[in-house]
Amino acid sequence: MEETRTATAVRDGSPSPADREQAEKLDDRQLLLLYRQTGDQELKWMLAMRYTPLVRRIALRASGLYSSFAQLDDIIQEGLLVLLNAVDKFDPDKNVKFETFVSARLRGMIVDLARRQDWLPRQVRQKSVRLNRAIDELAIQLGRMPRSDEVAQHLGLTREQYDALLSETAVSSLVSFEAVLDSCGNGSEKFLPPGEQQSSTEEEFQERELHQVLEQGIASLRDNEKMVLSLYYEKELNMKEIAQVLGVSAARVSQIHSRALQRLRVYMKQYVQA
């Protein structure tokens, strides 16, 4: 078996070019198992390099969505560290795909960057708090998610000013939404597809329940909001590509995305507090 012969060669010393060529022919799972058997760092980097396009893709989407976010190179560098760590943390015996596992951790990394960076001015943070408070208050008063014009009126803003506020607080919207998910358990890992969670029986039940609530929350969104979320998270298009699909500006896509997360935040907050 080629995998066994390659493992023997690696254990016996530095792999020859022929051995490396054989290792490159292995699929991801085989390569991961080979790395677990040998601990050879070259194999670890070989596997990690296969997923660097995923790191760059997620980094591009993050920097494209949030104009005030970290520099692209900084996001990619952080993503590579997450990727290397994921190779060590991933358990191939669990019922989860490596790419799904890595994607969840990369999304979590984006949120962590947003939380710990000091680039977000205090004034923007204050605006975000004011926006979230207004939406929460109206949701309680109305017994439903308030419309954009209702929130704008509550804040004493024109629709144009409200849309600008959504764009300005886009990152805060993501962090606020993730904070609600964190209160449920594992944060962004909650986006793992059903059947791909790494949990006990009791936790699996909670995962399924949370996914049902998320599905209900997404179903309650407007069509353009659901479309933006689908194109961004499922099809992995960036803001410019989504803008071309919808025939609107990238700034408008960012506003729709932010508004969708605000709606989901309120929906999930009600679930957490129930």
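Start by selecting helix 9 (residues 148-155) and helix 10 (residues 159-168) in this predicted model. Their axes come within 9 Å and cross at roughly 100°, so the two helices are roughly perpendicular to each other. Axes here are lines fitted to C-alpha atoms, for helices over the stretch in contact, with angles between N-to-C directions running from 0 to 180 degrees. Angles under 35 degrees count as roughly parallel, over 145 as roughly antiparallel, 65 to 115 as roughly perpendicular and the rest as oblique. Helices (H or I, at least four residues) and strands (E, at least two) are DSSP runs, numbered from the N terminus.

Show the side chains between the pair next. Helix 9 contributes Ser-148, Asp-149, Val-151, Ala-152 and Leu-155 to the contact, and helix 10 contributes Arg-159, Tyr-162 and Leu-165; contact means heavy atoms within 4.5 Å. By class these residues are five nonpolar, one polar and two charged. Ala, Val, Leu, Ile, Met, Phe, Trp, Tyr, Cys and Pro count as nonpolar, Asp, Glu, Lys and Arg as charged, and the others, Gly among them, as polar.

Stay on helix 9 and color its buried residues: Ser-148, Glu-150, Val-151, Ala-152 and Leu-155. Buried means under 20% relative accessible area, exposed over 50%, and partly exposed in between (1.4 Å probe, protein chains only). After helix 9 comes Gly-156, with a positive phi near 75°.

Now select helix 13 (residues 223-234) and helix 14 (residues 239-246). Their axes come within 10 Å and cross at roughly 135°, which means helix 13 is oblique to helix 14. The contact joins Met-227, Val-228, Leu-231 and Tyr-232 of helix 13 to Met-239, Ile-242, Val-245 and Leu-246 of helix 14. Sorted by class, it has eight nonpolar, no polar and no charged residues.

Zoom out to the whole protein. It has 15 helices and zero strands, and 45% of its 274 residues count as buried. Of the contacts between residues at least 6 apart in sequence, 66% join residues at least 24 apart.

Which residues have the most contacts inside the largest nonpolar core? Select Leu-31, Leu-43, Leu-47, Phe-98, Val-102, Leu-106 and Met-109; the core has 31 residues. Two or more residues each come from helix 3 (28-38), helix 4 (41-50), helix 5 (52-65), helix 6 (72-89) and helix 7 (98-116). A second, separate core has twelve residues, including Leu-131, Ile-135, Leu-138 and Leu-165. A nonpolar core is a set of buried Ala, Val, Leu, Ile, Met, Phe, Trp, Tyr and Cys residues joined through side-chain atoms within 4.5 Å.

Is Glu-99 buried or partly exposed? Its relative accessible area is 37%, so Glu-99 is partly exposed. Leaving aside neighbours within four places in sequence, Glu-99 is in contact with Tyr-51, Leu-54 and Arg-57. Asp-28 is 71 residues from Glu-99 along the chain, with 9.6 Å between their C-alpha atoms.

The last stop is Leu-210, in helix 12 (residues 201-219). Leu-210 is buried, with a relative accessible area of 2%. Met-268 lies 58 residues from Leu-210 in sequence and 8.8 Å from it in space, C-alpha to C-alpha.

Residues are numbered from 1 along each chain as its sequence is written, and side-chain values use heavy atoms, with hydrogens and water left out. Local features need pLDDT of at least 70 and side-chain atom pairs count only at pLDDT 80 or more, while totals for chains, interfaces and linings use all residues.
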